[in-house]
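Please read these points with the model open beside you.

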Amino acid sequence: MTEKITPLTKEKLRAYCDESIFEPKSTNDMKPLDGIIGQDRAVKAMEFGLKVQKQGYNIYMAGPTGTGKTNYAKKMTESVARTMDPPSDWCYVYNFSEPESPRALKLPVGEGRKLVDGMDNLVQELKDEITKAFKTQAYEEQKAQIFREYQTKRRELIDQMNEVAEEYQFRFKNTSSGIISVPVIDGKELKQDELDDLDTDTKRELEEQSSKLHVNVMNLMSELRDLEKQLKDKLDELKNKNAEESIAPLMDPLFERYSENEKVIDYLKEVKENIIENAEDFISKDDDGDGSSLPMLMGGSKEDVTEKYKVNLLVDNSQKEGAPVVVETNPTYYNLLGSMEYTNRMGTAVTDYTMIKPGALHKANGGYLILQAIDVLKTPMAYEVLKRVLNNGELRIENLGAHIGMVAMSSLRPDEIPLDVKVIIVGNERLYHMLYRYDEEFPKLFKIKADFDSTMKRTTENVQKMGEFVTAECEKEELKNFTSCGISRLVEYSSRLAGHQKKLSTKFNNLVEIMSEADAWASIEGDEYVSREHLNKAISEKDYRVNRPEEKIQEQIDNGNIMVTTEGKATGQINGLAVYNLGDHMFGKPFRITANTFPGEKGIINIEREAKLSGKIHDKGVLILSGLINGIFSKNEKLGLSATLCCEQTYGGIDGDSASSTEVYAILSSLTDISIRQDIAVTGSVNQKGEIQPVGGVTEKIEGFFTTCKLAGFTKTQGVMIPKQNEPNLNLSDEVIEACERGDFHIYSISHIEEGIELLFNKKAGIRDQDTENDTVYKRAKDRLKTFKGRKKPVKKDTEIREPQH
């Protein structure tokens, strides 16, 4: 017989945290945490990824929700960004040669705002300065002098033309429609009515003379036209010179300021040329009120010529102390790439370069952009546009309809802006592997994986850092200070969340939630500090808020509707343990497993599988225990056994192999006709060699059976049998531990099926393939199997065929 199995001691039922490990007695005297705890792999990956400044080295932060990935990403990138220089400003300006393609200008940080102010001041001063320049006496005199010279030369040409015209009895005369030739008879110019009264021969003669005259004065007429063109050119030259002289003092500071920026200088030159060309539009004209209602009647006002001189400051980094860090919580197509807004003008949607708005990629250019994977993937076109800009290394703002090629809409095509950004996507492990496997571009664009774990080792250093974490959260969330015993209770709770005595949970959101609720209970009770009692209260109240389903199932057990026996013995019947995970609450409850055995060759029949209520892992577990039983009892011959297994009153399906050892005990009980204890519930997986393997949820399973036993009444013998490997997973409640200390409840751990047989059957298991010992479980099973084989099958009688009588 194996060594007697004894219940586990109190020290093995929970990993207690000694409050003396925290040197100060409260968070009031502790330093706050700087960084993150227990994520060394992820931290190293992040540090490396942020240092590599090559294309494709963007970062995917993978891990469970609540492990602080987003906060850490923001804090880490901000710390790195502070060591970097702020990136350049970006502006869009009017393109005078191609108005539909606004020009992008890159300026040193802070210069974008100054260019905007400079151009705004220029526009404000232009009208006054140009108006003054064109109304000066000097300008008027220069203009008059040009007109005088023109008139003199014009008169000379006309006099020369008249000298020629006299030979043909004509004279040239100025009219509102220009210079015309008039017939002259006897020194008198003929009027139109006089010309009409002339006889036909005279008219014909005058026409012939007029034709000859125009041939002879053709050169003079050409000189006159050239003179008029010269007049216009001189007036334009005077106007341009005057305009240039008036705006030079206004624009020279801009030329000087941006003398080293070739693109800005080119733009300013175009602005200057355009202002000079349209100088008349800046001259204020006296308005007597006539026609003031005309613009309104026409449906709008005259376009402001100064609009094209405005500067659209797309990205302003003048207030940045380092590289930008942008967290985009709504990564739509336009929020990422930017957009062009439209306005309604006389029923038509129109836009211009001043309506171009930046996206998150523009704002993060030269820095870091943090996105949530699920938000990017569920938003139409967001992931596609993100990949496109990262591959191309440039930003082009365009309408979504044009991007997908479905809407042909007249719009702008702004210049592309070079992109230099490191994208950090925060998501879970499943999404990472899905993208890595099914999107061939993903591995090329996100070469760094920062893998966050859901647990960390419970070392002294990490426990002390938990105190620093609590201190930091108290400051951040403005919570009451925690005592050292309160912190130690939080550490114990963290181990329970981690499901292991030597580990701590890194799901800090859950810890902060309990801290906030403990703080609230401390306030309700009027205490200055948050202690262990407040943590216990917060944990129990949180469980109570969500454990209604657990209570309903327990109520069914208490009423006998779900049949569970917690005392005595029974044959072919045992208490298994199941875990229910509802998301916000996980709990365990007992259920009955039954087995029947009889002669046959069908082996072990899984009733759940036959009813299509069994999962694949449960099916595997039943096949494994079949292999175990065959290995024990029928190495050299057929087993000759049929058995049925059933997880009673489970109607929603069952999966997992944690009941496979439990099912072995039920089959052996039925086969040997030995009653087994009903006061012990069993959990544990078994392999084909009879070794007990660890399972999940042992803490919840124990507490579930404990509650059932407590409500049914303790018998001092009740308990739970678990795999020995699960001892480190125990983090039981104070109530269970106290009951174990009193001897009301017991926790046993085993490593082999034979240890469990002896505890449940109160008999030796026996030795495989040997019958040297009397009255062992194996001996009884072998004897029973022999009786099964000794029974002969009934022989079918041949059917007697009689010939028909005649």
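**Notes on the predicted model**

1. Strand 2 is mostly covered, with five of its five residues buried. Buried means under 20% relative accessible area, exposed means over 50%, and partly exposed lies in between, with a 1.4 Å probe and protein chains only. Strands here are DSSP runs of E with at least two residues, helices are runs of H or I with at least four, and both are numbered from the N terminus. This is a predicted model: local features need pLDDT of at least 70, side-chain atom pairs count only at pLDDT 80 or more, and totals for chains, interfaces and linings use all residues. Residues are numbered from 1 along each chain as its sequence is written, and side-chain values use heavy atoms, with hydrogens and water left out.

2. Now the pairing in detail. Two strands pair if DSSP finds at least two bridges between them. Strand 2 and strand 3 are antiparallel and share five bridges. Y92 stands opposite A104 in strand 3. On the other pairing, three bridges join strand 2 (residues 89–93) to strand 7, again antiparallel. There, C91 has L313 of strand 7 as its bridge partner.

3. Look next at strands 4, 5 and 6. Strand 4 (residues 170–175) pairs with strand 5 (residues 178–185) in the antiparallel sense over six bridges. F170 stands opposite P183 in strand 5. Strand 5 also pairs with strand 6 (residues 188–189), antiparallel, over two bridges. Here V184 stands opposite E189 in strand 6.

4. G63 deserves a look. The residue lies in the loop between strand 1 (59–62) and helix 2 (69–81). G63 counts as buried because its relative accessibility is 4%. Leaving out residues up to four places away in sequence, G63 touches K69, G427, N428, E429 and F452. Contact means heavy atoms within 4.5 Å. G63 and N399 are 336 residues apart in sequence and 35 Å apart in space, C-alpha to C-alpha.

5. Check the backbone of two loop residues. M381 has a positive phi of about 70° although it is not a glycine. M381 sits in the loop between helix 12 (373–378) and helix 13 (382–392). With a relative accessible area of 27%, M381 is partly exposed. K612, also not a glycine, has a positive phi near 60°. Its loop runs between helix 22 (607–610) and helix 23. K612 is exposed, at 75% relative accessible area.

6. Helix 23 (residues 616–633) contains G631. Is G631 buried, partly exposed or exposed? G631 counts as partly exposed, because its relative accessibility is 21%. G631 and G690 are 59 residues apart in sequence, yet 9.5 Å apart in space, C-alpha to C-alpha.

7. Last, the surface. L377, M434 and Y438 make a nonpolar patch of about 310 Å². Patches are made of residues with over 30% relative accessible area and no salt bridge; like charges are joined within 9 Å, and nonpolar side chains (Val, Leu, Ile, Met, Phe, Trp, Tyr) within 5 Å. A salt bridge is a side-chain nitrogen of Lys or Arg within 4 Å of a carboxyl oxygen of Asp or Glu. Accessible areas come from the Shrake-Rupley method with a 1.4 Å probe; for residues, only the protein chains shown count as cover. Y438 is in helix 15 (residues 429–438) and counts as exposed, at 64% relative accessibility.
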